[in-house]
Amino acid sequence: MLKSLFHWKVWVNILVAAAVFVGLVWLTFRWLEVHTNHGKEIPVPNVMNKSVQEAIKILDDSGLDYEVDSFKYDPKYRPFQVLQIYPSPGSRVKDGRTIVMKVNPRTYAQVSVPDVLDRYKGLAFRQLEQVGLKVGDTIYEPSIQRDAVLRMLYNGSTLKPGALLPRFSTIDLVIGAGPKRNITVPNLVGLTVQEAKAIIAQNLFEVGLVEHEDGGSDESDIVYYQDPEAFDVRDQGMQVDIWASKKTPAEMGAKISQLNSIYRIKIDISEPSYYDDGAVYREPVQSAPRPEMPRPETPRPTVPETSTPRPEVKKQEAPKTTTETKPKASEPKPTTSTPVTPKETPKKEEKPKAKKVVVE
């Protein structure tokens, strides 16, 4: 067994196999050197801060491929200016290597406008700011939707949800100011259904019941009745019901009277009159005595007595038996504005009046 291992033919086969293996390895590495251009490296040219057209021309002359990628827009740099490059300038790469360039775009990247219609204004502001859009003017318009977004405007034109705009663009919002109160209901009698609906919408009322006499839905039918009545005062957003027919309102008198009995009920607000058919006994109601307030007594003005002169009559002198006393005229007392409460004074004894004796 050992003798067969050391036979010269075995060693020849081993040497031939080793030579073939070494040859194959050498040919493989040689092929890789030729295929990868081993030892032939090219330095990456510096194209920073150049325009993308100039950078592409330099890379083509150097035998390098390129790939252009838009970078975050920066208003401090020019549009299409090379801001970054990979591999970095000065690096040695093989011929045909792809160089990636980050270029400043013309403007901000476009974003999709979110759908904020019929939503509360606070929520709409947050959604627009999240995607990078700014809110400009807020225009309030009469609407029953208070503080809800009605329309979006961009440069004066209506903007639809999903439209693409540059990032950080400014849009205006039309917001509902809420319904008004005590608005006069327009007169719709004599108009077509189509015209009545348009007027109801213009006055910010809601179209309620629309009943056609023939049960159809012809918009050219003439309105002969409405509820609420024309010129009534209602708040915006309330419903207005209309009844329409092919006939004129003058021909629908019976139907109008029937509807009036339903929707125009008159309530008698006058006070009811009572008739006294007989005497009704009522128990006396005891009320608390009211405190008597002293009534101010107004003093009566005293009028001074004036003595009228009598004609003198010649009398015969006779001895005076009695002395003649004449009463003195009472002087008028001054009156005061303040009421004086009378005080009880003791009665004076009446003196006998002097008798007057006339002798003829």
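Trainee: Which residues make the nonpolar surface patch?
Mentor: This is a predicted model. In it, Trp 8, Val 12, Val 16, Val 20, Leu 24, Trp 26 and Leu 27 make a nonpolar surface patch of about 760 Å².

Trainee: Where is Val 16 placed?
Mentor: Val 16 is in helix α2, which covers residues 8-35.

Trainee: What does Val 16 count as, in terms of accessibility?
Mentor: Val 16 counts as partly exposed, because its relative accessibility is 47%.

Trainee: Moving on to α3. Which of its residues are buried?
Mentor: Helix α3 runs over residues 52-62, and its buried residues are Val 52, Ala 55, Ile 56 and Leu 59.

Trainee: Why do they line one face of the helix?
Mentor: Looking down the axis of α3, the buried residues fall within an arc of 100 degrees, so they line one face. As a general point, an α-helix has 3.6 residues a turn, so residues three or four places apart point the same way.

Trainee: What covers the buried residues of α3?
Mentor: The cover includes three strands: β2 (65-70), β3 (82-86) and β5 (98-103).

Trainee: And which exposed residues are on the face turned away?
Mentor: Gln 53, Lys 57 and Asp 61 are the exposed residues carried there.

Trainee: What comes just after α3?
Mentor: Gly 63 does, with a positive phi of about 80 degrees.

Trainee: New topic, Ser 143. Is it buried or exposed?
Mentor: Ser 143 is buried, because its relative accessible area is 10% and buried means under 20%. Ser 143 is found in the loop between β7 (134-141) and β8 (149-154).

Trainee: What is Ser 143 in contact with?
Mentor: Leaving aside neighbours within four places in sequence, Ser 143 is in contact with Leu 150, Gly 176, Ala 177, Gly 178, Pro 179 and Leu 204. Separately, a polar atom of the Ser 143 side chain lies 3.2 Å from the backbone nitrogen of Gln 145.

Trainee: Now the protein chain as a whole. How many helices and strands?
Mentor: There are 6 helices and 16 strands. The chain has 360 residues, and 21% of them count as buried.

Trainee: What about the accessible surface of the chain?
Mentor: The accessible surface comes to about 29300 Å², and 55% of that belongs to carbon and sulfur atoms.

Trainee: What share of the contacts join residues at least 24 apart?
Mentor: Among contacts between residues at least 6 apart in sequence, the share is 72%.

Methods. Residues numbered from 1 in each chain as written. Predicted model: local features only at pLDDT ≥ 70, side-chain atom pairs only at ≥ 80, totals over all residues. Heavy atoms only, no water. Patch = residues over 30% accessible without salt bridge, like charges linked within 9 Å, V, L, I, M, F, W, Y side chains within 5 Å. Areas by Shrake-Rupley, 256 points an atom, 1.4 Å probe, with all protein chains shown as cover. Salt bridge = Lys/Arg side-chain N within 4 Å of Asp/Glu carboxyl O. Helix = DSSP H or I, 4+ residues; strand = E, 2+ residues; numbered from the N terminus. Buried < 20%, exposed > 50% of the residue type's maximum accessible area, 1.4 Å probe, protein only. Contact = heavy atoms within 4.5 Å. Polar contact = N/O pair within 3.5 Å; in protein donor to acceptor, adjacent residues only side chain to side chain. Arc of directions from axis to C-beta.
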